[in-house]
Amino acid sequence: MHTTIDRRTALARLGALPAVAATPFLASCAGPQVQGYAQEKPLLDLRTYFNGPVDAWGVFTDRSGQVVKRFTVRMDCSWQGDEGVLDEAFVYSDGTQQRRIWRLQAGPNGTYTGRADDVVGQATGQVSGNAFRWGYTLALPVDGRVWHVDFDDWMYLMDARVMLNKATMSKWGVKLGEVTLSFTRRSPLPDATGKTP
């Protein structure tokens, strides 16, 4: 649940990518599936974790592994029943700022859908164990054109405050780069008795 990072760097090579490389987003079964984390703990409840203020720090790396952008995020999160709002304010290392507001809907069996102004169609995801997998396509304006870039986004709850996030950006099935974030809740999650540590 992050941003376009460095658009020019991430997308500069798009014109050179062969169309034959095109593959449907998340269509391959060769990679890990979120259900494989069903026994991992602590159990992630997305509505509980993303409720209240959350801070994040992240980097974008290009295909060679070089860090090309650093950023921080302040998130104000709230839920009304099964409907959530994640209001994200980004500040980049070059001083630029951006805002994205996610509107999430919780569904059955740990599933979630979401929308934001620059998301093409609907994002879909599922929680299992300590993990959340989130797939979506962002519309990124670059030099007067709009590119649709796919994100395969994984989050892993580490403890009562910290969650790690790693997302792969791709276009036509070809990897453009990765985004890595660390989320920290300002207040710890409550334990099984409802008390905070």
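**Loops, core and backbone of a predicted chain**

D117 is located in the loop that links β5 (111-115) to β6 (123-128); helices (H or I, at least four residues) and strands (E, at least two) are DSSP runs, numbered from the N terminus. The structure is a predicted model, in which local features need pLDDT of at least 70, side-chain atom pairs count only at pLDDT 80 or more, and totals for chains, interfaces and linings use all residues. Residues are numbered from 1 along each chain as its sequence is written, and side-chain values use heavy atoms, with hydrogens and water left out.

D117 counts as exposed because its relative accessibility is 86%; buried means under 20% relative accessible area, exposed over 50%, and partly exposed in between (1.4 Å probe, protein chains only). The C-alpha atoms of D117 and I101 lie 7.5 Å apart, although 16 residues separate the two in sequence.

Two helices and 10 strands make up the elements of the chain, and their order from the N terminus is α-α-β-β-β-β-β-β-β-β-β-β. The chain has 197 residues, of which 44% count as buried. Contacts (heavy atoms within 4.5 Å) between residues at least 6 apart in sequence join residues at least 24 apart in 49% of cases.

In soluble globular proteins, nonpolar side chains tend to be buried together. A nonpolar core is defined as a set of buried Ala, Val, Leu, Ile, Met, Phe, Trp, Tyr and Cys residues joined through side-chain atoms within 4.5 Å. The largest such core holds 42 residues, and Y49, F50, W102 and F183 touch the most other members. Strand β7 (residues 131-142) supplies the largest share of this core, six residues. When residues up to four places away in sequence are not counted, the residues touched by Y49 include L44, V54, L157, M163, F183 and L189.

Most residues other than glycine have a negative phi, and most peptide bonds are trans. The peptide bond from K41 to P42 is cis, with omega near 5°, and P42 is found in the loop between α1 (7-11) and α2 (46-49). N109 has a positive phi, near 55°, and lies in the loop between β4 (97-106) and β5. With 70% relative accessibility, N109 counts as exposed. For W172, phi is likewise positive, near 55°, and this residue is placed in the loop between β9 (162-171) and β10 (174-185). W172 is partly exposed because its relative accessible area is 32%.
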